[in-house]
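Thanks for asking me to look this one over. Here are my notes, with the model shown first.

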Amino acid sequence: MDNNKVSVKIYGNEYILAGEASKEEIVQTAAHVDMKMNEIAEGARAVGATTHNVAILAAINITKEYFQNIKEIEDLRSLNIRLEKDAQHYVQMWDESKKNYEDYKAENQATIAMNDALKKEVEAKNAEIESLKAALEASKAQIENSESEAVQAAEDKCRELENSFFDLQMENLQLKKDLEKYKNSIGKF
């Protein structure tokens, strides 16, 4: 790897820094250290802090920031892990919901198909019932006609029998008269 050399100014002193980082990163890092040292120097002037003390306090403050950043990174990693687990959970729930929906859809389609088949069967049964009703009505009419014809035939037969009976009675009366006449005519001899 190439070492980048950069001339920087920290707390009023010139330094040549070299490293694998880009020149912009090296300059940015030096500027941060310079800013921290100047912040601390402002507050520490009243107590007469030396450059060495300012550098130590800046290093402590920068290290504190470093550890805070590490903690934030760890917290973010933990949060990221939790969010990934949550995302996996929600993806799994989504997949289950899709599967349940597909199952429901298939079941619903099967129910609709069964319902349609039952409707057709009911329509066929209703048509059969109507056909049977029509046949029943025709049978009733035929039976009524047959009954009416049978009753008429029976009435005609009864009239015929009545007439025959009447004729027989009349003939019987005539025979009785004739017998009486005959008895009377035999008795006179």
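This is a predicted model: local features need pLDDT of at least 70, side-chain atom pairs count only at pLDDT 80 or more; totals for chains, interfaces and linings use all residues.

1. Residues are numbered from 1 along each chain as its sequence is written, and side-chain values use heavy atoms, with hydrogens and water left out.

2. Have a look at the hairpin formed by β1 and β2, with two residues between the strands. Residues 4-10 (β1) and 13-19 (β2) pair in the antiparallel sense over seven bridges; strands are DSSP runs of E, at least two residues, and a pair needs at least two bridges. Val-8 stands opposite Tyr-15 in β2, and Tyr-11 in the turn has a positive phi of about 50°.

3. The largest nonpolar core has ten residues, among them Val-6, Val-8, Ile-26 and Val-54. Such a core joins buried Ala, Val, Leu, Ile, Met, Phe, Trp, Tyr and Cys residues through side-chain atoms within 4.5 Å, buried being under 20% relative accessible area with a 1.4 Å probe, protein chains only. At least two of the core residues come from each of β1, α1 (23-44) and α2. Helix α1 gives the largest share, five residues.

4. Leu-57 counts as partly exposed because its relative accessibility is 39%, between the 20% and 50% limits.

5. Which residues form an aromatic pair? Tyr-66 and Phe-67 do, edge-to-face, 5.4 Å centre to centre with 65° between the planes.

Key: Rings of Phe, Tyr and Trp (its six-membered ring) pair if their centres lie within 6.5 Å; planes under 30 degrees apart count as stacked, over 60 as edge-to-face and the rest as tilted. Helices (H or I, at least four residues) and strands (E, at least two) are DSSP runs, numbered from the N terminus.
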